[in-house]
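This report describes sheets, helix packing and a ligand site. Please keep the sequence and the model at hand while reading.

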Amino acid sequence: MTLVDSPNPDGSLSINDLDSLWMPFTANRAFKKRPRMIARAKDMYYYTPDGKEVMDATAGLWCVNAGHCRDPIVKAIQQQAAELDFAPTFQYGHPKAFELANQISLLTPDDLDHVFFAGSGSEGVDTALKISLAYHRVKGDAARTRLIGRERGYHGVGFGGISVGGMVNNRKHFGTMLSGVDHLPHTYNREEQAFTRGQPEWGGHLADELHRIAGLHDPSTIAAVIVEPMAGSTGVLPPPRGYLKRLREICDQYGILLIFDEVISAFGRLGFATAAERFGVTPDIMTFAKGVTSGTVPMGGVVVRKHIYDAFMNGPEHMIELFHGYTYSGHPLAAAAGLATLETYKSEGLFERARELEPRFADAAMSLKGSPHVEDIRTLGMTAAFDLTPSAAGAGERAFEAMERGFHEQGIMLRITGDTVAVTPPLIISETQIDELFGKLDTVFRTLT
Ligand SMILES: Cc1ncc(COP(=O)(O)O)c(C=O)c1O
């Protein structure tokens, strides 16, 4: 077999050329019949190959918080590619990985001070789960092997992440996954919470379910609890008031580590550097990804508290302390992109901007109450979700139609999960663009069959 030149000298694709790519988390056959193709992007907009503007209402996949193709970030990546393309971070180092770790540790609360890099959110989650298990073992508490997740949680697609995750379609095809996992109940109850702006009043008590789970397995067998501070991919479920604080207290009572999966909530989405800061609850381990490079170069990781890092720094100094890592942990391009991204967040005050825009954004989202098919609306930070009544044609059909109509007819990119439409724009969105976004969304809902 051999590599060939592109069959089309102008680089364009014909429809048959779409066949080889098995697209991730995509209805492949529907996409290939009617592609939603993106060719370039700038600031708040994508552009199709024929130049049509598409508003990015989703920050890509919750990652492009600084907006698209921002000059300082682009330049930093270009310069880095020319200066140092790759260097191993196993037994060697390069300065920007250390510099970025320092910056991240300054953004995370309390003594969340030590950063371990991975290549994605899923790898960050696996890293967090493995560090939790290993931590108890190095402390001489090797019986703590159970991991507790939550129904409707999303923690990426590794076997660790789908085991503690709670989205049934992500789990049911993949066998028995990790053993020794249990789940807290999810926190959504439409009767109690419908059309809540911000955190619902109802549901804080659901954290007490951890007492029941601890009673069932005995607390001494539980290593860690992992939750998203705001469940995102399941359709945006803001934490009920008091819930996270209660979870923290119960974990402390039983010596269980608390992991916040902040892959989508960190770096400004909720108007703060982290959800932990917004909610005033500090986990033992925090995952991050996406917004750290504003989606430009893949990167993920975890931040751990001092006592966790210190527990590993024992034994002969020539010995590796944690047998874990990825070839691309702290990749030079990702590190350079991360530094330029954090600088952009700082110089443009984008976290504060998100905080200031939040009421305006929530008002605009809630103004769609009463639009056809809308059963519930939830908002938190620069995030909104709309539950649509499922159509008679089947679950997910109506939201799929909304995504298609949004792209082809209204020029807006939407994110769907089941029959929920989520809206999470880049944090550079202007007030006029907020009106444009929800105006388009309203039109989409009104044209649904
Ligand atoms: C909370 C959470 N954790 C983990 C992940 C997985 O990240 P990745 O797709 O980069 O592996 C995601 C992705 O959306 C996420 O929302």
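## The ligand shell

How many residues surround the ligand, and which are the closest? There are 15 residues around the ligand, and the closest are S120, G121, S122, G156 and V263, a residue being counted as near if its C-beta atom, placed from the backbone, lies within 6 Å of the molecule. By class, this shell has 5 nonpolar, 8 polar and 2 charged residues, where Ala, Val, Leu, Ile, Met, Phe, Trp, Tyr, Cys and Pro count as nonpolar, Asp, Glu, Lys and Arg as charged, and the others, Gly among them, as polar. Helix α5 (residues 121-138) gives the most to the shell, with 3 residues; helices (H or I, at least four residues) and strands (E, at least two) are DSSP runs, numbered from the N terminus.

The model is predicted, and local features need pLDDT of at least 70, side-chain atom pairs count only at pLDDT 80 or more, and totals for chains, interfaces and linings use all residues. Residues are numbered from 1 along each chain as its sequence is written.

Between β11 and β12 (residues 383-388), the antiparallel pairing extends over 6 bridges, and I377 has F386 in β12 as its bridge partner.

The pairing of β1 with β2 (residues 45-47) is antiparallel over 3 bridges, with Y46 in β2 as the bridge partner of A41.

## Helices packed against α13

Helix α3 (residues 71-83) packs with α13 at an angle of about 155°, their axes being 8 Å apart. α3 is therefore roughly antiparallel to α13, given that angles under 35 degrees count as roughly parallel, over 145 as roughly antiparallel, 65 to 115 as roughly perpendicular and the rest as oblique. This crossing of α3 and α13 is right-handed, whereas that of α4 and α13 is left-handed; a crossing is left-handed if the near helix is turned anticlockwise from the far one by less than a right angle, and right-handed if clockwise.

Helix α4 (residues 95-107) and α13 (residues 332-347) pack at about 40°, with axes 9 Å apart, and are therefore oblique to each other. In this contact (C-beta atoms, placed from the backbone, within 7 Å), K96, A97, E99, L100 and Q103 of α4 meet P332, A335, A336, G338, L339 and L342 of α13. These residues divide into 7 nonpolar, 2 polar and 2 charged.

## Helices α14 and α16

Helix α14 (residues 350-366) packs with helix α16 (residues 431-447) at about 20°, with their axes 10 Å apart, and the two are therefore roughly parallel. R360, F361, A364 and A365 in α14 meet E431, I434, D435 and F438 in α16, a contact that divides into 5 nonpolar, no polar and 3 charged residues.

How values were computed:
Pairing = 2+ DSSP bridges. Axes fitted to C-alpha atoms, helices over the stretch in contact; angles between N-to-C directions. Contact = placed C-beta atoms within 7 Å.
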